[in-house]
Amino acid sequence: PIVTDQTTPNWRDRISVDPNVCHGQACITGTRVLVTVILDNLAAGRTAEEILVDYPSISIEDVRAAIAYAAELAHERTVHLSSS
């Protein structure tokens, strides 16, 4: 089941895609911080708090929005993994 609550930000309010900003890649609105940068950092084991230190122009809600955005994309696409 999909879990939603009042603390989960609507990623559409925090993420934008503008062809004139960051070559049209998804970034946190009002910044040039790419969603992929946030996700790559999380995947590498960094905490949200560590990311916020490196990117002070974003908030914890922006990090959550990046995760929600990635989750939304995962619902739209299936990646087939080999069973070996």
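The side chains of Asp 54 and Arg 46 form a salt bridge, with 2.8 Å from N to O. A salt bridge here is a side-chain nitrogen of Lys or Arg within 4 Å of a carboxyl oxygen of Asp or Glu. The model is predicted: local features need pLDDT of at least 70, side-chain atom pairs count only at pLDDT 80 or more, and totals for chains, interfaces and linings use all residues. Residues are numbered from 1 along each chain as its sequence is written, and side-chain values use heavy atoms, leaving out hydrogens and water. Asp 54 is partly exposed, at 44% relative accessibility. Arg 46 is also partly exposed, at 26%. Exposure follows relative accessible area: buried is under 20%, exposed is over 50%, and partly exposed lies in between (1.4 Å probe, protein chains only).

The search of the whole structure gives 2 salt bridges. Asp 62 and Arg 14 also pair through their side chains, at 2.8 Å from N to O. Asp 62 is buried, at 6% relative accessibility. Arg 14 is partly exposed, at 27%.

The whole structure holds 0 of them. The criterion is a pair of cysteine sulfur atoms within 2.5 Å. For Cys 22, the nearest cysteine sulfur is that of Cys 27, 4.4 Å away. Cys 22 is buried, with a relative accessible area of 13%. Cys 27 is buried too, at 2%.
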